Every structure is written in structure tokens, then in C-alpha cells.
Amino acid sequence: MSGAWLQDREASQKAELERLAPYALRAVDTQGRVRAETPHAYRTDFQRDRDRVLHSRAFRRLEYKTQVFVHHEGDHYRNRLTHTLEAATVARTVSRALRLNEDLAEAVALAHDLGHTPFGHAGERVLAELMKDDGGFDHNRQSLRVVDLFEDRYAGAPGLNLTAETREGILKHGCAWDHPLPLPELGRQRSLEAQVADAADEIAYVHHDLDDGLRAGLLDEEVLHASGIWQRARTAVDASFAGRSDTSENLRRSGILTAIINELITDLIEASAARLERAGVCCVDEVRSAERPFVALSDGLAEEKLALKRLLMEHFYRHPRVQHRTRKAEGVIADLFRVYREHAELMPGAPGRVDEGPARAVADYVAGMTDRFAIAEHRRLLDPHEPC
Ligand code: MG
């Protein structure tokens, strides 16, 4: 390859200066890593963050962590890995359209659920309750613990040593709790790239939970007729399918779901661009000091999405079959927590840090489990028929 066409890191950084909007976070402006490193020959710091997340063990474990369905319930439902990949691809589309830093938005989106417990929010609720006198538990904080402390890939120090900007995106909220590494400085608002990753997460799960709920037969299409965005998509698809013989119910439903995600993403891009334009935002500092985030749906669609989430809550997440499974999952997490608290020696190779107390060590260990490992451990430790 001719040297004239070679794109090294410096050329990539220069291209960002030309291509990105003035309010985007450029790799060259990073506040850096906790431990300084020699820059890579070809990748920017944010590209390197993205790749580190993708190559982490915690990322691979997402495949066996619940989104809504437990992994053995069906091969076509989302798990936390496919949810993460769908969120990341939405984040890329939105970032590119807004001329933000796609690499940073993607790194944050890929890392955003690394701290999720087994069994989705059911596991998180139980750990939060069990840890309420020991510093609490939430998955955003846990995601930062995973990338900062539990990945052991580099000699000399734990963690992935990500940039301050990626860590800020993962952390989401300011917090008053102790963390063994210095926390990134948080402005009133986070970067636009972190805001995009959040919005992409929401769009991804609303879309795929509708899909999975309908596919499982737990969500009735009739219920969704109360939703404006569903109605518009359905009307458009039914009109385009009228009189055709090469369609099916499956294709019709796919068409509706595609129209919904498309409307959400398009609205997010256009409403966010209009907000940035109206406010005359000209730099990252103005993003950080603003009263409100700039990346959000238009007011009308935000309300419709909220109504859709309520329908999902009422008719899908609280469906008796899902709730029954949720109760069982809560029992598994609570049992494991109790047994490990009483018998720390039963946690071989636990990632917990002793200096943060035995309860935190147990929470870290349980939170890191996949669904199937948690189920197997529960059987091993509590089923009297299992050999010790
Ligand atoms: Mg998520």
C-alpha cells in the first residue's frame, strides 16, 4: 500500500477535525487515561476503548445474560449481547448524522450494560435491596467497576484503562460513593456522544422488546393500537401491503417494527439537530454546562414513546409468565447472596476487592454471573440431590 493512502492515528485525528461538528468530542482532546499509555500507531484513543470493551470477558458474558427472556427460552429472542449490539448500531447512525464522534458513542454503547446482573432488572432489584446498608447497587456503577477493576488484561494494573470520556459515558450519573480509581469529572451534562448512547439504548430496547413480546405471544397486537406510533406504522404498512399476494403476517409485523424504529431514530436525529441549532451550541463546554441534554426525541414523540413503554410494562414485563420467571430469578439471586455471605470460601476466584468489604465482594461476584452460571451455582450449592 502506498504511504500516501495510509491512514495512521494522526491522519484519523486530523480527519476528525475536518469531519466532526464543533460540539463533538475529538479524540485529540481526550482528558486521557488514569494510567498514561503510548498512543497506538493506527487507532485513536476512542477506537482503542471500543476495541478493549469488545475484547473483554464481560462483553462475551453478555450473551448469556437476560434481556427479558432467559437464554434457554428461545434462540430468536434478544439477550443482553444482541441488545447491546443493536443499541451500538443505533448510536453509530445517530452520531454519524449529527457529525459526532461515532467511535466514542459506540464505545459507550458497547460498555453500557457490562455491569448488568444475571436475570436483567430482577437481579438488579434484589442486589440493590440486599446491598442497601452496604453502599447500594446499580448497574451503571457496576459497569464502571467492571471496566476499571475486574478485567485483567494488562500487566501492572487492573481494568481496561479506558479514557475519561468513555468512563464518563458509562457512569451516567454523578455519585457520592467510593470508587478505587479517580472518577471522571462530570459537568452538568455529559458529552453528546454519551447522550446519544443513552437514547440509542432506549430506542433499541423499545423496538426489540415489542418484537420479542409479539413473537412470544405474550403481547397482543390489539393492546398496541392505543399507541400513536404503532398506529401510524401499522396504517402505512397495511396500505403498502394492500392487494399484494407476496406478503405474510410475519412480514407485516416486521414492516411495522421497522417503521417504528426508523421513525424514532429519524426523530431523534432531527430533534437533536434542531435543539443544537436553536441554542447555537458551538463547543463541548457549552454542551456540558447546558441546563438540559440536547439529544432527545421531539416532545410529541417522547410522549408517545413513554406511552408505549407503559404498555410494554403493563402487558409484557408484568405478564404472569414473565413475572413468574422474575420471582424465581429473584429467589436465585437472594439465595446465592446469602450463601456466599455466610461462606465466602464458596466463591472461587471471586473478583471482589477485599478492602471494600465482604458484602461488596459478594455483590461483585453475583453481578458478574451469567444466567446459566447462576442457575448452575444455585443447583450446586442448594440442591440436596447435587454432590457437594
Ligand atoms: Mg441497555
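User: What does Tyr317 count as at 22% relative accessibility?
Analyst: Tyr317 counts as partly exposed. Buried stands for under 20% relative accessible area and exposed for over 50%, with partly exposed in between (1.4 Å probe, protein chains only). The model is predicted, so local features need pLDDT of at least 70 and side-chain atom pairs count only at pLDDT 80 or more, while totals for chains, interfaces and linings use all residues. Residues are numbered from 1 along each chain as its sequence is written, and side-chain values use heavy atoms, leaving out hydrogens and water.

User: How many aromatic pairs does a search of the whole structure find?
Analyst: The search finds two. Phe316 and Tyr317 form a tilted pair, 5.5 Å centre to centre with 35° between the planes. Phe316 is buried, at a relative accessible area of 0%. In the pair of Tyr340 and Tyr365, the ring centres are 5.2 Å apart and the planes stand at 75°, so this one is edge-to-face. Rings of Phe, Tyr and Trp (its six-membered ring) pair when their centres lie within 6.5 Å; planes under 30 degrees apart are stacked, over 60 edge-to-face, and the rest tilted.

User: Where are Tyr340 and Tyr365?
Analyst: Tyr340 belongs to helix α15 (residues 320-342) and Tyr365 to helix α16 (residues 358-367); the pair links distant parts of the chain, 25 residues apart. Tyr340 is buried at 0%, and Tyr365 is buried at 9%. Helices (H or I, at least four residues) and strands (E, at least two) are DSSP runs numbered from the N terminus.

User: Changing topic: which residues coordinate the magnesium ion?
Analyst: His83 (NE2), His112 (NE2), Asp113 (OD) and Asp201 (OD) do, at 2.1 to 2.5 Å. Their spacing along the chain is H-x28-H-D-x87-D. His83 lies in helix α4 (residues 80-97) and Asp113 in the loop between α5 (102-111) and α6 (120-130), 30 residues apart. Donors are N, O and S atoms within 2.8 Å of the metal (3.2 Å for Na, K and Ca); water is not among the atoms, so sites may look incomplete.

User: And are His83 and Asp113 buried or exposed?
Analyst: His83 is buried at 1% relative accessibility, and Asp113 is buried at 3%.

User: How many residues has the largest nonpolar core?
Analyst: The largest core has 77 residues, and Tyr23, Val94 and Leu114 are among those with the most contacts inside it. Helix α9 (residues 192-215) gives the most to this core, with 10 residues. Another core, of 20 residues, lies apart from it and includes Phe137, Val332, Phe337 and Met347. A nonpolar core is a set of buried Ala, Val, Leu, Ile, Met, Phe, Trp, Tyr and Cys residues joined through side-chain atoms within 4.5 Å.

User: What about helix α7: how many of its residues are buried?
Analyst: 12 of its 12 residues are buried. What covers them includes α3 (57-61), α5, α6, α8 (164-171) and α16. The end C-alpha atoms of α7 (residues 139-150) are only 14 Å apart, short of the 16 Å that a straight helix would reach at 1.5 Å a residue. That expected span is 1.5 Å times one less than the number of residues.

User: Which loop holds Asn161?
Analyst: Asn161 lies in the loop between α7 and α8. Asn161 has a positive phi of about 50° although it is not a glycine, and at 5% relative accessibility Asn161 counts as buried. Arg99, in the loop between α4 and α5, also has a positive phi, of about 55°.

Notes:
Contact = heavy atoms within 4.5 Å.
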